[in-house]
Amino acid sequence: MDREWGSKPGSGGAASAQNEAIDRRERLRRLALETIDLAKDPYFMRNHLGSYECKLCLTLHNNEGNYLAHTQGKRHQTNLAKRAAREAKDAPAQPQPNKRKLAPRKSVKIGRPGYRVTKQYDPDTKQHSFLFEIGYPEIEDNTKPRHRFMSSYEQKVETWDKRYQYLLFAAEPYEIIGFKIPSTEIDKSADKFFSYWDPDKKEYLLQLYFKPRPPEVNKPPPAPPGTLPNGTGGPGAPPPRPPGQAPPPPPQVPPPPHAPPPAPMGMPPRIPPPPIGGAQPPPPPPPANGPPRPMIPPPPNFTPGAPPPRPPMQGFPGQQQ
């Protein structure tokens, strides 16, 4: 008996095209369940009937595996390609930045150039200035030196300090040199700031002026003598007064004895009248303890600081010898 299929005895027949499609969809569904997160799929939607829809292809699916198998099919992939092409066509063309890649020059440095710095002061405008003279005798042909201002936060040689900035000079084949100058605004007017390259002397000149600093309007007044830098008084000083409290009144000094009462405000002080008829002023009142007692004269042979003399010793009655 001839077999209808060309398979071995005891084995199943060759799978039909329908069975192969079912098996392929099942394998794709299992693979998609392991690798694809449906929560991040913008076209996946669950309707009120409990089934799943593809918003891109407008298809209905019974379970998640069926939807994942659909996403790997030809229809869904074709719609994805059409959607991407339409969005790319509607999107405005963005200009691409022109990035030029400049390779760093590799030249042998011959050392640092010689320089001279002159400090100047203009008493009329009260401006400080610097004059830099840099010599480049071995500079390359058809080149000129360059200069640049650099902030303190750009360099990595010294500690950052916002009070200073750096002025750099560069020319091939010399090394770059820099000068540390105050971080004050520079006057960029034509007669104050200029640079000049002398090709005959091979010398580069640069002059700059700093703008004068405005006067400090809100500067606090100087602290009184004896005050510490933190605002508190020195040893023995009264404690500081809290803000918003009025200062205490000055202490009242009692008037001296036998002095006339103070005159009212706005009137001259009262002067006692002179004695009438040239009479003598009354004598002072007697003291409360009576007249002073007369002093007792010291005994004869008295020496200041010596102990008093002892009286002669006398025996008891009946012990006379």
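Predicted model: local features only at pLDDT ≥ 70, side-chain atom pairs only at ≥ 80, totals over all residues.

Residues are numbered from 1 along each chain as its sequence is written, and side-chain values use heavy atoms, with hydrogens and water left out.

**Stop 1: the annotated segment.** Select residues 52–82, which UniProt lists in an unreviewed entry as "domain: Matrin-type"; UniProt positions are given in the numbering used here, feature names are shortened, and annotations may be inferred rather than shown by experiment. This stretch is 55% helix and 19% strand, with its end C-alpha atoms 22 Å apart. Helices (H or I, at least four residues) and strands (E, at least two) are DSSP runs, numbered from the N terminus.

Stop 2: Select strand 4 (residues 114–122) and strand 5 (residues 127–135), which pair in the antiparallel sense over nine bridges. Two strands pair if DSSP finds at least two bridges between them. Q120 stands opposite S129 in strand 5. Four residues separate the two strands of this hairpin, and K126 in the turn has a positive phi of about 55°.

**Stop 3: T143.** Move to the loop between strand 5 and strand 6, where T143 lies. T143 is partly exposed at 28% relative accessibility (buried is under 20% relative accessible area, exposed over 50%, partly exposed in between, with a 1.4 Å probe and protein chains only). A polar atom of its side chain lies 2.6 Å from the backbone oxygen of E140.

Stop 4: Display the three strands that form an open, antiparallel sheet in the order 6-7-8. Strand 6 (146–151) and strand 8 (177–182) are the edge strands, each pairing on one side only. Strand 7 (residues 164–170) is joined to strand 8 by six bridges, and Y166 stands opposite K180 in strand 8.

**Stop 5: Q155.** Finally, select Q155 in the loop between strand 6 and strand 7. Is Q155 buried or exposed? Its relative accessible area is 7%, so Q155 is buried. Its side chain reaches the backbone oxygen of S152 at 3.0 Å, and a polar atom of that side chain lies 2.8 Å from the backbone nitrogen of E158. Beyond neighbours within four places in sequence, Q155 is in contact (heavy atoms within 4.5 Å) with M150, W160 and Y166.

Technical notes:
Polar contact = N/O pair within 3.5 Å; in protein donor to acceptor, adjacent residues only side chain to side chain.
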